[in-house]
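Open the model in your viewer and keep the selection tool at hand. The tour moves from one selection to the next.

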Amino acid sequence: MQYKRILLKLSGEALMGERQYGIDPKRLAEYAEEIKEVIDKGIEVAIVIGGGNIFRGLAGASNGMDRVQGDHMGMLATVINGLALQSALEESGVQTRLQSAIQINEVAEPFIRRRAMRHLEKGRVVIFGGGTGNPYFTTDSAAVLRAIEIEADVILKGTRVDGIYTSDPEKDKNATKFDTITFKDVLTKGLKVMDTTAFTLSQENELPIVVFDMNKKGNLLKLLSGENIGTVVDN
């Protein structure tokens, strides 16, 4: 296996499947199966999920809502998604722990770095909910921050596109894909991988990012087995 400990970043929208909003149980079950295959190979997996399928703080702010209030609602949405994924994983026979950056003790453990690392060492999947616990920070930032804290080898950003392209492949038929690209080139070319705060944090800590299509069956395991899947961003 190419990496020993990974942080998998999933968007909230990814959980919608074919739906317009909310959570698609079929998509959840598919993700759980993919993650189980990886766990069975002895890889330690931590996960951060967005909340965009339920609520986005920025969307609330654009409609006149207080931004801080909106972001707190978004953080709670990530906990809901975390609970849904936890349930799907445990249905597949994978031991899972949900840790939250905001205290909801009846629902999730508080985020404690050493405890999270111990869970990973024991082969449990750790889902980090609640973002960073602070407004104005995206779940991309939460993913990079947690990956650094737990000493992950890589961030795997699961999207619906199979890597990073010169332009949006859904709009531009002539867009070409990068197999590898440097952090510097991503910034120079103005390519969108993560928000700037998260991306800079990853660059400063020399933490590689792999962008890949999580919706294609078997991609996660193939990537970790060393196959040329997605785009690697590194120094």
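Over the face of which ring does arginine 146 lie, at 6.0 Å from the ring centre? Select arginine 146: the ring is that of phenylalanine 128. Arginine 146 also lies over the face of phenylalanine 111, at 3.8 Å from the ring centre. A charge counts as over a ring if NZ of Lys or CZ of Arg is within 6 Å of the ring centre and within 35 degrees of the ring normal.

This is a predicted model, in which local features need pLDDT of at least 70 and side-chain atom pairs count only at pLDDT 80 or more, while totals for chains, interfaces and linings use all residues. Residues are numbered from 1 along each chain as its sequence is written, and side-chain values use heavy atoms, with hydrogens and water left out.

Now go to strand 2, residues 44-49 (strands are DSSP runs of E, at least two residues, and helices are runs of H or I, at least four, numbered from the N terminus). Six of its six residues are buried, so strand 2 is largely enclosed by the rest of the structure. Glu44, Ala46 and Val48 lie on one side, and Val45, Ile47 and Ile49 on the other.

Terms used: Buried means under 20% relative accessible area, exposed over 50%, partly exposed in between (1.4 Å probe, protein chains only).
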